[in-house]
Structures are given as structure tokens and as C-alpha cells.
Amino acid sequence: MMRYGAAAVRRRVHGIARWLHGGDDGAVTAEFATVLPAVMVIALVLMSLARAVVVSMDCQDAAAVLARELVVARGEVDGGALVRSVAGPGATVAGDRAGDTVTVTTSCPVIPGPGNVLPTRVRATAVGRLQ
């Protein structure tokens, strides 16, 4: 059986500690620097997608409001002003009347996202039946 002195045990413990530490100085920083851009891109795409969804919902609401107003007022409505008040500036409207139905199509601008992945405009359609 081998006997170790206190100095030998200390050297052995320090050697094992150095081996376990393995020279990983800066590894966390490198991993963070690698992952951070991907996280930023994903966050930016998600925020742009959320904005596109909100604009799409506002555009659909504007089409529905105009179709309802056309049915109630029997066509005596300023459609462009009504759509812009609901969907915001830059929204456009087109309408069609066929028999006893009114079809309203609105188009609303969306701020383009990163890489132009998302559409720059969204469209919505609503149909109302004249009574």
C-alpha cells in the first residue's frame, strides 16, 4: 500500500481540480454570443408577426363595420373615411353591390418585417345582405 504525504495529496487534489475545470474560461460567453443573435431574430419575427395579426384583425373589423353601415344606411356612407377611422391611415376600400348583397374589401398596410417575410398589406372581405 502506498502512502502519500500531505503535500502529495494537495498536489493530487489540485491536479484533479484543474482537470475538472478543463480550461473552460470564456465558454459561457462564447455560447451566449452565439445564441444571442438567434434569440434576437426570433423575437423580432414574433413581434412583427404579432403586428401583422393586429393589423389583419383591424382590417377585418373595418370591412365588417362598413358592410354593416352600408346595410343599415342603404349606401349613404362615406366608406373611405369610415375604414380609415377603424383601420388607420393608409387603409383602402373597394365595394361591390350585386342584387341584395354588398361586398366590401379593405386593404391595410403592414410594416414589413425582417427579411420581408411578412406581407406588406393585408386584405379583408365582408359581405352584407340588404333587407
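Buried here means under 20% relative accessible area, exposed means over 50%, and partly exposed lies in between (1.4 Å probe, protein chains only). The model is a predicted one, in which local features need pLDDT of at least 70 and side-chain atom pairs count only at pLDDT 80 or more, while totals for chains, interfaces and linings use all residues. Residues are numbered from 1 along each chain as its sequence is written, and side-chain values use heavy atoms, with hydrogens and water left out.

The protein chain holds 3 helices and 3 strands. Helices (H or I, at least four residues) and strands (E, at least two) are DSSP runs, numbered from the N terminus. Read from the N terminus, the order of elements is α-α-α-β-β-β. Of the 131 residues in the chain, 22% are buried. The accessible surface comes to about 9400 Å², and 62% of this surface belongs to carbon and sulfur atoms. These areas come from the Shrake-Rupley method with a 1.4 Å probe; for residues, only the protein chains shown count as cover. Contact means heavy atoms within 4.5 Å. Among contacts between residues at least 6 apart in sequence, 50% join residues at least 24 apart.

The 3 strands form an open sheet in the order E1-E2-E3, with antiparallel pairing. E1 (92-98) and E3 (121-129) stand at the edges with a single partner strand each, so one side of each has no neighbour in the sheet. From one strand to the next, the twist averages 15°. Two strands count as paired if DSSP finds at least two bridges between them. Strands of a sheet pair through backbone hydrogen bonds, either parallel or antiparallel. E1 pairs with E2 (residues 101-109) over 7 bridges, in the antiparallel sense. Within this pairing, Asp96 has Thr103 of E2 as its bridge partner, and Ala98 has Thr101. E1 and E2 form a hairpin with 2 residues between them. In the turn, Gly99 has a positive phi of about 65°. E2 and E3 also run antiparallel, joined by 9 bridges.

Thr105 belongs to strand E2. This residue is buried, at a relative accessible area of 18%. Thr105 stands opposite Thr125 in E3. Neighbours within four places in sequence aside, Thr105 contacts Thr92, Val93, Ala94, Arg123, Ala124 and Thr125.

Helix H3 (residues 79-87) lies across E1 and E2, and runs at about 130° to E1. For such angles, axes are lines fitted to C-alpha atoms, for helices over the stretch in contact, and values run from 0 to 180 degrees between N-to-C directions.

In H3, the buried residues are Gly79, Gly80 and Val83. Seen down the helix axis, these buried residues fall within an arc of 95°, so they line one face of H3. The arc is that of the directions from the helix axis to the C-beta atoms. The cover over the buried residues of H3 includes H2, E1 and E2. Val86 also lies in H3, but counts as partly exposed at 32% relative accessibility. Residues up to four places away in sequence aside, Val86 touches Asp58, Asp61, Ala62 and Val65. The C-alpha atoms of Val86 and Asp58 are separated by 6.8 Å, although the two residues are 28 apart along the chain. Just after H3, Gly88 takes a positive phi of about 100°.

A search of the whole structure finds 1 disulfide, defined as a pair of cysteine sulfur atoms within 2.5 Å. The bond joins Cys59 and Cys108, with their sulfur atoms 2.5 Å apart. Cys59 lies in H2 and Cys108 in E2, so the pair ties together parts that are 49 residues apart in sequence. The torsion about the S-S bond of Cys59 and Cys108 is about 90°, so the disulfide is right-handed. Cys59 and Cys108 are both buried.
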